[in-house]
Amino acid sequence: MTAEATRTTTATGATPTIEVSGVSRWYGNVVAVNDITFSVRPGITGLLGPNGAGKSTLLHMMAGFLRPSSGEVRMLGEGAWKNADLYRRVGIVLEREAVYGGLTGYEFVRLNARLHGLDDADAATRRAIDLVEMGPAQDRRTGGYSKGMKQRVKVAAAIVHQPDVLLLDEPFNGADPRQRLQMMEMLRAMAAEGRTVVFSSHILEEMERLGDGVLVIVAGRLAASGDFRAIRRLMTDRPHAFSVESTDNRGLAQALVGDPAVSGVQLENGRLIVRSDDFGRFTVQAPRLAQEVGVSITAMAPMDESLESVFEYLVQR
């Protein structure tokens, strides 16, 4: 999986819905997005990366709200920047977007239906609110909503016109587990209808549950793209460092150093630091080898499992 890969969803025969070609965006001396190229087809595509990676900037450019400093973004075969005609076919939920606290949930969603000039704004509003399961709270003012409720009513407003493309920035923030599952089911149903859904997240598990294809964004660059399972393997199979404590660290070190899964061993402050290029083999072999030499492992944990370390590895490949 490399930055050159461009297919990011399972709909391999479909025409790309979104095409991002050599796109960069900078603010003064700060580069938010750096020369990114990819395409998105119908289905669900996730933008995965740490906070501040450039995911929100990318979504703004896809939606046509932000002009690239260089390169081009095309949506549904047309240039995205300031293309008002596209807005009728696109829905977007921004992470920091506010709701109008003085409006009820129903009024907020209906306002968007009217802005899109829908023939039956009330019917469209009811349908969208039902899809996000906000019916019981639709007559309450949004200023009293929880964060998760505000997020769901924003999604309802974004889908009220049944867009061909839905762009979501951290859509599961504030949602409880049941609400997340319900939202995921709704997005899968939209994808099954041939729509394109792009969502951003810094949480690996959300990608695993929902993303057909994944774009890994790190420090404004495209670090990897493709099928989630392949990228997950790439993340797992990278070099790892383990902190190991045992009843005989020197004896265990001698047993481990000859195993093909171990690339380095060192003693440090009463523990072993073991480096491995094969995560799966090492976690199986270490206990077995310890048992063979009569050593008990009292603690063993990866030292570099933060998302930041995973992303850093992908960028350096």
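1. Two strands pair if DSSP finds at least two bridges between them. Helices (H or I, at least four residues) and strands (E, at least two) are DSSP runs, numbered from the N terminus. By these terms, 6 strands form an open sheet here, in the order E6-E7-E8-E3-E9-E10, with mixed pairing. Strand E6 (90-93) and strand E10 (221-227) are the edge strands, each pairing on one side only. From one strand to the next, the twist averages 15°.

2. The model is predicted: local features need pLDDT of at least 70, side-chain atom pairs count only at pLDDT 80 or more, and totals for chains, interfaces and linings use all residues. Residues are numbered from 1 along each chain as its sequence is written, and side-chain values use heavy atoms, with hydrogens and water left out.

3. Strand E9 (residues 213-218) runs antiparallel to E10, and 6 bridges join them. Valine 214 faces glycine 226 of E10.

4. Helix H5 (residues 177-192) lies across strand E3 (43-48), strand E7 (165-169) and strand E8 (196-201). Its direction is at about 125° to E3. Axes are lines fitted to C-alpha atoms, for helices over the stretch in contact (heavy atoms within 4.5 Å), and angles run from 0 to 180 degrees between N-to-C directions.

5. Serine 24 sits in strand E1 (residues 18-27). Serine 24 is buried, at a relative accessible area of 7% (buried means under 20%, exposed over 50%, partly exposed in between; 1.4 Å probe, protein chains only). A polar atom of the serine 24 side chain lies 2.7 Å from the backbone nitrogen of aspartate 35. Beyond neighbours within four places in sequence, serine 24 is in contact with Val33, Asn34, Asp35, Pro68, Ser69 and Ser70.

Methods
A polar contact is a pair of N or O atoms within 3.5 Å; within protein, one must be able to donate a hydrogen and the other to accept it, and residues adjacent in sequence count only if both atoms are side-chain atoms.
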